[in-house]
Amino acid sequence: MRRALVLARKAWGQTHPNPMVGALIVEDGEIVAEGFHASDGMPHAERVALNALGRKPKPGATLYVTLEPCSTHGRTGACCDAIREAGIARVVVGATDPNPVHAGRGFGVLREAGVEVISGVLDGECEDLNLIFNHSIRTDGEPLIAAKSAMTLDGKIATRSMESKWITGPVARENVMRWRRLFPSIAVGAGTVIADNPRLTSRIEGEPEWCPWRVVFDGLLRTVMTQNMPSLYTDEFRDRTIVVTTQHGGLGYVRKLRDLGVRVWCMDSPTQRSSLGMFRKRCAEEKITGVYLEGGAQLVSEFLQERQIDYLFTYTAPMLLADDKGRSAYSGLRTEHLTQAVRMADVRHESLGGDFLMRGRVVYPEKLNVDETVFRLR
Ligand SMILES: NC(=O)c1ccc[n+]([C@@H]2O[C@H](COP(=O)([O-])OP(=O)(O)OC[C@H]3O[C@@H](n4cnc5c(N)ncnc54)[C@H](OP(=O)(O)O)[C@@H]3O)[C@@H](O)[C@H]2O)c1
């Protein structure tokens with residue numbers, strides 16, 4: 001199963017809106033064929049492995065696959081049928097299908113056909129592999145919104161003079177590049193674009209530069225008013241940039257962006273801030289299944305206050321500012337009691353050079369009504 005996970009990761013960031021899946025066939029204790037799902041519309045991993053074998057598997061052959069085989073006929077046919085037709089007698093599976101409508105159905109179909117099924121092998125790893133897919137399939141295509149911040153031990157992402165380069169070291173920054181390669185989109189606020197003029201691409205040594213959708217939240221189009229236009233609007237990937245704004249941004253600036261080839265999502269709003277709930281819905285419509293929210297502090301805090309963050313990536317550096325005027329990663333909530341804290345679940349830790357990554361699902365405290373609050377405060 002570990003080898004099947006390695007195979008699945010060969011398509012890192014290339015399978016949206018589908019999951020990454022790896023499969024292999026073992027005969028007499030030897031791996032005889034391997035496969036992975038390469039991209040949307042391409043054959044599923046099980047079929048790739050069966051095709052790679054190029055003959056009928058031996059009677060005692062076992063198929064290992066990181067995700068429950070599909071039992072419904074999509075564009076490429078049900079994998080359960082392919083397994084049955086190939087005469088595979090034993091299937092070992094990692095994660096169960098996260099779609100509640102299908103979960104476990106594939107196991108039933110295979111067992112009914114007389115196939116021995118062993119499920120849940122390295123299921124934690126196999127589920128973690130597809131954190132974007134798992135979320136979007138359970139929420140009717142809504143994106144997994146994951147906030148990333150690089151902070152000091154006291155939770156600061158920039159100094160009082162807005163210096164933030166670099167809080168974390170090269171190993172942590174390389175790790176960010178890998179997640180940028182996974183997520184179909186990266187989002188930042190106007191403040192970050194003006195302060196840093198970022199490129200927001202994934203640059204990994206030995207691989208071509210990759211540009212996901214680059215989303216800029218800029219309700220008033222402040223980033224367009226500047227003398228020097230940000231690179232996001234002028235570089236070779238500018239048709240991969242989306243500016244999220246409101247009708248308060250000014251039509252002239254919208255036209256200017258569109259003339260440059262930049263996309264503009266103008267969202268009706270009584271204020272200069274676009275609704276984050278509407279942004280989520282728009283992503284679902286555009287089939288953007290994941291958003292890697294890279295800051296800055298104001299935008300990320302706004303997403304948190306509106307309970308629109310699903311997942312957190314926090315890189316912590318062994319450094320303290322201990323300055324009240326340093327920029328806090330998250331702010332704006334009133335947390336009287338620890339029971340009101342936003343927490344993380346399914347937490348994973350990684351040591352990256354001298355820095356530390358903690359990532360996990362966000363769990364919001366239950367919303368209390370006023371009476372309950374008074375009662376609890378007593
Ligand atoms: N260490 C890290 O991980 C990290 C990551 C990113 C950035 N940074 C640092 O953080 C600093 C920038 O942070 P910041 O808090 O000043 O700025 P920011 O969060 O990047 O941008 C805030 C601006 O985005 C616009 N905006 C926010 N919500 C919006 C919405 N719902 N709809 C439309 N527009 C919206 C607003 O523009 P208007 O005010 O014009 O409405 C707001 O002022 C920089 O120094 C940067 O280097 C650090």
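**Cysteine 79 and its surroundings**

I began with the contacts of cysteine 79 in this predicted model, and, leaving aside its neighbours within four places in sequence, I found it touching His44, Glu46, Pro69 and Cys70. Cysteine 79 lies in helix H3, and I noted its relative accessible area as 0%, which makes it buried.

I then turned to cysteine 70, which sits in the loop between strand S3 (62–67) and helix H3 (79–86). Is cysteine 70 buried or exposed? With a relative accessible area of 17%, cysteine 70 counts as buried, because the cut-off for that word is under 20%. Not counting residues up to four places away in sequence, its contacts are His44, Glu46, Gly77, Ala78, Cys79 and Cys80.

**The annotated site**

I looked up the UniProt record, an unreviewed entry, and its "binding site" annotation covers His44, Cys70 and Cys79. These residues are spread over 36 residues of sequence, yet they cluster in space, with a largest C-alpha distance of 9.0 Å. I also checked the pockets, and His44, Cys70 and Cys79 from this set belong to the lining of the second largest pocket.

**The sheet**

Next I traced an open sheet of nine strands, whose order I wrote down as S11-S10-S9-S8-S12-S6-S13-S16-S15, with mixed pairing. Strand S11 (263–266) and strand S15 (343–352) stand at the edges, and since each has a single partner strand, one side of each is left without a neighbour in the sheet. From one strand to the next, the twist averages 20 degrees.

Which helix lies across S15 and S16? I found helix H7 (residues 170–182) there, lying also across strand S6 (144–151), strand S8 (185–189), strand S12 (290–293) and strand S13 (311–316), and running at about 160 degrees to S13.

**The cavity**

The largest cavity holds about 60 Å³ of space. I listed its lining as Thr15, His16, Asn18, Pro19, Met20, Leu129, Asn130, Leu131, Ile132, Phe133 and Leu182, and I noted that helix H6 (residues 131–138) gives the most to this lining, with three residues.

Technical notes: Residues are numbered from 1 along each chain as its sequence is written. This is a predicted model: local features need pLDDT of at least 70, side-chain atom pairs count only at pLDDT 80 or more; totals for chains, interfaces and linings use all residues. Side-chain values use heavy atoms; hydrogens and water are left out. Two strands pair if DSSP finds at least two bridges between them. Helices (H or I, at least four residues) and strands (E, at least two) are DSSP runs, numbered from the N terminus. Axes are lines fitted to C-alpha atoms, for helices over the stretch in contact, and angles run from 0 to 180 degrees between N-to-C directions. Contact means heavy atoms within 4.5 Å. UniProt positions are given in the numbering used here, feature names are shortened, and annotations may be inferred rather than shown by experiment. On a 1 Å grid over the protein atoms alone, a cavity is a set of points where a 1.4 Å probe fits but cannot get out, and a pocket is an open set with protein on both sides within 12 Å along at least five of seven lines; lining residues have an atom within 4 Å of a point. Buried means under 20% relative accessible area, exposed over 50%, partly exposed in between (1.4 Å probe, protein chains only). Grid points are joined across faces, edges and corners, and a volume is the space filled by probe spheres set on the points.
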